[in-house]
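Have a look first, then read on.

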Amino acid sequence: NRSLPLIGLCMSTSSNSGETFDFNFETIVTKRLGDQIAQSHPKIIEFLHDPSNPVFLCYPSDDAISVQEAMERVKSQSKREGENQHEQHYAIDNDLTQTENAVPMNVVRKKYTIIFIDATWKYAKEMDSKSIENKSWPKHMIRIKLNPEKGECGENFQPRRFDIRTPPSINHLSTAECIAHVLRIVEAGLGSKLGPERKDDILFQTLMKPLDLMVKTW
């Protein structure tokens, strides 16, 4: 009754279906983000700890913010970095007459790396605590959370959609639901479109239809 394998299959299917979704999906089985992962997936750990790569952890901790807020924070940081590069450009070329008319450097849109913990609430909390205790999480990581009660999951949000396991509240979602909603919000925030339909809607439906079928036939 785990929903994550379905997401993996959907990601693979959508990537090969002709749609232009620019993302990668990686599943790592571990009890915490630590030495074991560093040995088995060294490039992933190196990537996660690179401050130039925005990393989000989807986990409802007290200091977590909304997905939109996290995206705005990254955009603001990228803008500041672009302005700093532009200032350095002026400093280097301050003797050139054309410097006054120089065009600021474009801010590079960065990809987001989003971590989801697929476990029961008890073990998810334990995994997070252990990773904090061992200082395994990237220092620049931003914690994000979904709050359906505040409308963050859209007007068509269906509470208790993953009805195989009864959640404590409508804010408790399965891993599949979290991934689908977060990716929809990210795609919508990037303004991505595909033909006459919104790309974020297509992606969301691609991820949720198998989950609905699984619940219906359970």
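This is a predicted model: local features need pLDDT of at least 70, side-chain atom pairs count only at pLDDT 80 or more; totals for chains, interfaces and linings use all residues.

Residues are numbered from 1 along each chain as its sequence is written, and side-chain values use heavy atoms, with hydrogens and water left out.

Q: How many salt bridges does a search of the whole structure find?
A: A salt bridge here is a side-chain nitrogen of Lys or Arg within 4 Å of a carboxyl oxygen of Asp or Glu. The search's total is 2.

Q: Is Asp128 buried or exposed?
A: Buried means under 20% relative accessible area, exposed over 50%, and partly exposed in between (1.4 Å probe, protein chains only). Asp128 comes in at 5% relative accessibility, so it counts as buried.

Q: Which helix holds both Lys75 and Glu72?
A: Helices are DSSP runs of H or I, at least four residues, numbered from the N terminus. Lys75 and Glu72 sit 3 residues apart, about one turn of the helix, and that helix is α4.

Q: Which side chain joins Ser66 in a polar contact?
A: A polar contact is a pair of N or O atoms within 3.5 Å; within protein, one must be able to donate a hydrogen and the other to accept it, and residues adjacent in sequence count only if both atoms are side-chain atoms. At 3.1 Å, the partner of Ser66 is Glu69.

Technical notes:
Helices (H or I, at least four residues) and strands (E, at least two) are DSSP runs, numbered from the N terminus.
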